[in-house]
Amino acid sequence: MARTPDPLWETLLGLNQLTAPRRTVPVFADWRQRARATLVEEGLLGPARLLSDLAPASADYWPDFLTPAESADGLEAGLAALRATPRQRMTAELARTARSRRLPQWARALATGERQRVEEVVAAFRSVHRAIIGPDWTSVATTTEADRALRTRALRDGGVHGLLHSLRPVMDWRPPVLYVRYPKDRDLHLAGRGLRLVPSHFCWHTPISLADPALPPVLVHPIEHPVSREPVAARAHPSQALPRLLGRTRARVLAGLGAAATTGELARRLGISAASASEHVSALREAGLACSRRTGAHVVHVLTPLGVALLRGAPSPTGSIVSAS
């Protein structure tokens with residue numbers, strides 16, 4: 001399981017949400033509006049179009065060199081690996097791309113490994129990520145970390161079978177085959193290799209895999225996005241919600257969520273009532289320190305990256321208050 005969101009995958013999938021011909025996904029509506037305005041204001045429509053030409057939302061195939069495994073270590077590591085792509089591989093993957101759709105003229109130079117064109121792709125990734133993905137990276141990290149916490153819990157409770165079963169309904173684990181909702185029929189034989197699961201904030205409805213079966217198997221999959229029932233104007237601002245954390249019980253609840261838990265589990269863990277646990281978790285959510293996800297018949301609460309950062313200086317669940325200084 002990936003430790004963090006993948007910046008190159010998120011950049012391409014975020015652009016897909018801007019250019020997809022299908023109906024707008026409501027959960028991304030506000031982000032789309034901001035991102036489009038930013039691209040116009042910063043003069044980045046050209047770089048965004050360059051990347052979208054290589055990896056359009058409507059395509060069944062993207063060149064695999066655009067999303068190297070090294071990007072798991074961050075944007076710059078991924079861009080260094082992209083820059084180092086062997087010319088033969090770049091030529092072969094762009095030739096395969098050209099068989100399914102028409103590429104712009106400049107892509108022919110890229111297919112030959114021309115350094116200027118390669119650097120243009122690298123620069124486009126960097127500028128687009130900085131402008132429209134980076135500013136929302138906390139949200140991206142929050143949603144993917146919540147998914148990782150749920151998968152870790154499923155692995156802890158049910159082993160690998162429990163983990164794979166938890167991926168329903170997007171995937172269906174029927175040993176020894178993992179059936180995935182995919183736009184085209186294909187089989188990927190692991191042949192003893194591991195499968196790397198990468199939860200994605202911007203992936204929607206359909207998982208994505210690398211096309212070349214010889215590459216390390218990767219499955220980028222969509223995650224659940226919580227939708228608030230309250231209008232944006234009614235939500236508590238963090239500066240108003242954070243002071244509500246002060247107090248012995250709420251500090252213990254924050255520390256108690258160091259491991260994902262349902263409301264009942266948290267209440268038993270801390271020796272408080274379920275109603276009290278629910279109230280404190282709600283306050284943590286308002287402050288952006290925790291989030292909740294439904295898995296089967298249960299709602300599981302986990303800390304956000306901000307909550308984890310605050311917890312680093314906190315005592316154990318049996319301790320007292322967390323210092324805000």
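Predicted model: local features only at pLDDT ≥ 70, side-chain atom pairs only at ≥ 80, totals over all residues.
**Strand pairing**
- Strand β7, which covers residues 290-295, pairs with β8 in the antiparallel sense, and six bridges link the two.
- Within this pairing, T295 stands opposite H298 in β8.
- The hairpin of β7 and β8 has two residues between the strands, and in this hairpin G296 takes a positive phi near 65°.
- Strand β8, residues 298-303, is also joined by two bridges to strand β6, residues 261-262, and these two strands run antiparallel, with T262 standing opposite V300 in β8.

**The surroundings of S292**
- S292 counts as buried because its relative accessibility is 17%, and buried means under 20%.
- The side chain of S292 makes a polar contact of 2.9 Å with the side chain of R285, while another polar contact, of 2.7 Å, joins the side chain of S292 to that of H301.
- When residues up to four places away in sequence are not counted, S292 touches V281, R285, V299, V300 and H301.

**A nonpolar patch on the surface**
- M1, L155 and V160 form a nonpolar patch on the surface, and together they have about 240 Å² of accessible area.
- One of these residues, V160, has its place in helix α8, which covers residues 137-165.
- V160 counts as exposed because its relative accessibility is 53%, and exposed means over 50%.

Technical notes:
Residues numbered from 1 in each chain as written. Heavy atoms only, no water. Pairing = 2+ DSSP bridges. Helix = DSSP H or I, 4+ residues; strand = E, 2+ residues; numbered from the N terminus. Patch = residues over 30% accessible without salt bridge, like charges linked within 9 Å, V, L, I, M, F, W, Y side chains within 5 Å. Areas by Shrake-Rupley, 256 points an atom, 1.4 Å probe, with all protein chains shown as cover. Salt bridge = Lys/Arg side-chain N within 4 Å of Asp/Glu carboxyl O. Buried < 20%, exposed > 50% of the residue type's maximum accessible area, 1.4 Å probe, protein only. Polar contact = N/O pair within 3.5 Å; in protein donor to acceptor, adjacent residues only side chain to side chain. Contact = heavy atoms within 4.5 Å.
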